[in-house]
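I opened the model today to look up a few local features. My notes follow in the order I took them.

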Amino acid sequence: MWILIGTLIYIVFWLTCIAAYGVHYLSDTIQITSFTQVIYTLTAGTEGAEGTIGSAISGFFQSYWLVLIIGTAIFAYYIYLCIQNQKAKKAGIPFFKETKTQRVFYCSVVGAAVIVTSLFGTQLYQGWQVLGVGDYLENVNRESTIYDENFIEPDSVNIKFPQKKKNLIHIVIESMESSYTSHENGGGYDNDLIPGLYQLAKEGTDFSAPGTKELNGAIVTANSGWTVAGLVAMSAAVPLNVGNGDFNRNFSDKDKFMPHLITMGDILEDHGYSNYFMCGSDASFAGRRNYYQQHGDYEILDHRQAMKEKAIPEGYSVWWGFEDKKLFSWAEKKLGQISKKNEPFNFTVLTADTHFPEGYPCDLCKDEFDSQYENVVACTDRQVTEFVRWIQKQDFYEDTTIVISGDHYSMDGSVAKTTGADYDRRAYAIVLNGPEYTLNKTREFCTLDLYPTIMEALGIQIEGHRLGLGTSLYSNVDTLIEKMGELGLNAELVADSSYYNKVIMSGDQTEVTDKKEDPKPKPEDKEPEEQKEQEVYEQVQTNQNIQAAVPPYYQPTVPWPDQGYAPVNPETPADPNAGSEVPTDPNAGTETPIDPGAGSEVPNLPETPIDPGVNQEVPPVTPPTDQTVPQTPPATPEPPQGEVVPE
C-alpha cells in the first residue's frame, strides 16, 4: 500500500510541475486571450504546430530539470526503503529499529502527500484564473441578442461591383501592433520598431483624422485573438465562439468550416476573382485550409506547396515551416504570374516570424534593440515595407489595393511588460491605394470592421455599409464599438447566442426567418413606393431596437484580456420584447438622433460609385397604414458623429 501511495504522490508531483509551468507559460511567455482559444486549439488538432509544441515541451524540461531530478531521486530512495521494509518483514526482522523512526517515516509520507496535493490544487486554481474558465462558463450560460439585432447577412443587402474591378493584396502580419511604434507616435515603446509601417500608414490611411500624428489601429475583440480567429474576423466579420457542439471537430478535409458564412472570399469568387492564400506554415493548422478552400475556393500556397514548386528545398523546415524572407520572395514570383492572367485576383499572405515566443531571427535581422522579439519586429517591418515598395513598382499596382493588418495582438509576454498594463494596445491596420478617407475624425474600430472596409476599399458599393458585425470605416455609420464601447461589445460577444449557434454555425436558414416576426419580401418583389415606405419603417425600427438592446453601462468582472465581461443590469432593465412595435415618438428612449438613411436599402444603384462617406438622404414618406409607426415621420436630423456609450 505504501508503495502505491508513494507512486501516486510522485505522479501528482509531476502534474504539479507541469501545471506550474503551464501557468507560467500562459501568463508570462504568451498571453492567452480567452479559454475559447484553448478549446479551439485542442479541437482543431495540432497538425502544423509541431514546432511550437516541441518548444513548449523543451522549455518545461529546461525550467524544471533540477526539480524533477531531485523529486525522482527522492521517489527512487523511497521505493528502495519500502522494498527493504517488505523484505525485512518477511524475514521477521524489523526494518526500523525504533517505533518512533517508523512513525516519522510514515508521517513524512502523509505530509508529502498533503503538500504535493495542495500545490497541485493551487496550480489548478491559478490556471483556472489565467485561462478565465469561470468567466467562460458564466458567459456561455448568458444569452445575447447581438447577432439578432446587428448581424447583416451579406445576401440580404445589395452589393454592387465597379465596372473595372480592382485587385486585392492583403498582407496579414503575425502579431503586428501599432503599439510597436514610439511614444511620440502614439506607440508603447521608447524606440520606433516599425518606422517603415508607420510611413506607409501616413501614405495611405489608418482611419484617423487628417493631421493626426499618432498611429491608429484596430481593437481585437473577444474570441478574435488568435490567428485563424483573426483571419475569420477580418474576412467574415464574426468571432469564433466555439463553445457549442457543432464546432467541436477535428477539421478534417470532410468537415465544414462554418458553412453558412458568406465571406469576402465567397463574394469575390462569385464576381470572377481568383483567390489565393499563402503562408509559410502548414495551412491545415487550426482549420485554415478548410476555411479558405470552402469559402472562396482559394488556391492554397503553404509549406507543402512551396516544396512542390521548389520555392524551398525538399524537407526544408524552420520555425513554423519557412521564414518570411523566403515567403516574400515566393510571393513576388507568384504575383508576377498571377497578374498576367486576365482576371482580378485576391491575394492574402500571412507572415510568421513575429510569432511568440521571441519570434524567429533570420539572417536579415539586426541586433539593434534590447530583446530578440524587438529585433524580429523591426526586421519584419523592413521586409514588409520592401515587399510593398516592390508591389508599388509593378504595372498591376495601379489597379490594386493593398491592405496591411495584424491578425491579433502579440501573445509574446514581453509586449505587455514593455507597454504597461494601462496602455491601449491596437492591431496594425491600414489601406494603400484605396479611396480617399473623407471623414474628419479618428475611427474607433475592431478587426471585425475590416471585412466591409476592405470591400469598399475596392470600390464596391455595399447597401448600408455593413456586413456581418462589421461597419465600413469609409462610411459615416457608427461601428459597434463606437456605439457600445469595447467592453460593451465584448460583453455580448462572449455570451451565448442562439442565432450564432443555429444560423451561423449550422446554417439553419429557417432561423433567419424566425428571428423576424414579420418577414418582408425582397426589395425586387415590391413596388417602388411600397419599397421606399418600408425602408423608412425598417430603419427606424432597427435603430430603436439596437438602442433598447444595449445597456448604457458595462462593468467587467475582471480586466481585459481576461474574459470577465458581464453587463451590469441597469436600474430599469430593457424590455426583451422592445422593438416589436415602434412607439409613437420615434425618438423616445434614444440618446442620439436616428439616421434614417443609415443601413437602408437602396434600389436601382447608379452605375457611378457612390462616395461611401456621403450620407444619402431619404425623403420623408408616409409609412403604410398597417404598420404601427408615426403617421408623420420626423425631420431628418444631422447624422450622429460617432457618440460612444460611456463605459
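I started with Trp319, which lies in the loop between helix 11 (303–308) and helix 12 (324–338). Helices here are DSSP runs of H or I with at least four residues, strands are E runs of at least two, and both are numbered from the N terminus. This is a predicted model, where local features need pLDDT of at least 70, side-chain atom pairs count only at pLDDT 80 or more, and totals for chains, interfaces and linings use all residues. Residues are numbered from 1 along each chain as its sequence is written, and side-chain values use heavy atoms, with hydrogens and water left out.

I checked the backbone of Trp319 next. Its phi is near 55°, a positive value in a residue other than glycine. Most residues other than glycine have a negative phi, and most peptide bonds are trans. Buried means under 20% relative accessible area, exposed over 50%, and partly exposed in between, with a 1.4 Å probe and protein chains only.

I then moved to the loop between strand 5 (345–350) and helix 13, where I found Pro357. The peptide bond from Phe356 to Pro357 is cis, with omega near -10°. Glu358 lies in this loop too. Phi of Glu358 is positive, near 75°. Glu358 is partly exposed at 46% relative accessible area.

How do helix 7 and helix 13 pack, and at what angle? I read about 40° between helix 7 (residues 195–203) and helix 13 (residues 372–392), with axes 7 Å apart. Axes are lines fitted to C-alpha atoms, for helices over the stretch in contact, and angles run from 0 to 180 degrees between N-to-C directions. The two helices are therefore oblique to each other. Under 35 degrees counts as roughly parallel, over 145 as roughly antiparallel, 65 to 115 as roughly perpendicular, and the rest as oblique.

Strand 6 (residues 400–406) runs antiparallel to strand 7, joined by 4 bridges; pairing takes at least two DSSP bridges. Ser405 stands opposite Ala429.

Last, I checked helix 18 (residues 498–505). It is mostly covered, with 6 of its 8 residues buried. Among them are Tyr499, Tyr500 and Met505.
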